[in-house]
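Subject: Structure for you to look at

Hello,

Here is the structure I said I would pass on. Please open it beside these notes.

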Amino acid sequence: MAKYKITHDRDACIGCGVCASICPENWKMDDDGKASPISLESDADCNKDAAENCPVQCIKVEEVG
């Protein structure tokens, strides 16, 4: 299974929750209304879908192995 490195621009995040709904294995909504990755390295394929569906494109996912 591939491993992914996640980069998240928290300042650009608008808190829409798309990432958390698409990939709850690795995304959560914080008390301030913005999203955060649970882990910056994950094997959850849904991270790619979360990045592709982010309306402000503040999530980058790179395959690392």
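This is a predicted model: local features need pLDDT of at least 70, side-chain atom pairs count only at pLDDT 80 or more; totals for chains, interfaces and linings use all residues.

Core. The largest nonpolar core holds 16 residues. Within this core, Cys19, Cys23, Trp27 and Ile59 have the most contacts. Strand E1 (4-8), helix H1 (18-22) and H2 are the elements that give two or more residues to the core. H2 contributes the most, with three residues.

Charged surface. Asp43, Asp45, Asp49, Glu52 and Glu63 form a negative surface patch. One of these, aspartate 49, is part of helix H2, which covers residues 46-53. Aspartate 49 has a relative accessibility of 37%, so aspartate 49 counts as partly exposed, since that class lies between 20% and 50%.

Loops. Glutamine 57 sits in the loop that runs between H2 and strand E5 (59-63). The phi of glutamine 57 is near 50°, a positive value although the residue is not glycine. For comparison, most residues other than glycine have a negative phi. Glutamine 57 also counts as partly exposed, because its relative accessibility is 42%.

Aspartate 11 is in another stretch, the loop between E1 and H1. With 73% relative accessibility, aspartate 11 counts as exposed, because the cut-off for that class is over 50%. In sequence, aspartate 11 and cysteine 58 are 47 residues apart, while their C-alpha atoms are 8.6 Å apart in space.

Regards

Note on methods: Residues are numbered from 1 along each chain as its sequence is written. Side-chain values use heavy atoms; hydrogens and water are left out. Patches are made of residues with over 30% relative accessible area and no salt bridge: like charges are joined within 9 Å, nonpolar side chains (Val, Leu, Ile, Met, Phe, Trp, Tyr) within 5 Å. Accessible areas come from the Shrake-Rupley method with a 1.4 Å probe; for residues, only the protein chains shown count as cover. A salt bridge is a side-chain nitrogen of Lys or Arg within 4 Å of a carboxyl oxygen of Asp or Glu. Lys and Arg count as positive and Asp and Glu as negative; His and the chain ends are not counted. The place of a charge is taken as NZ of Lys, CZ of Arg, CG of Asp or CD of Glu. Helices (H or I, at least four residues) and strands (E, at least two) are DSSP runs, numbered from the N terminus. Buried means under 20% relative accessible area, exposed over 50%, partly exposed in between (1.4 Å probe, protein chains only). A nonpolar core is a set of buried Ala, Val, Leu, Ile, Met, Phe, Trp, Tyr and Cys residues joined through side-chain atoms within 4.5 Å.
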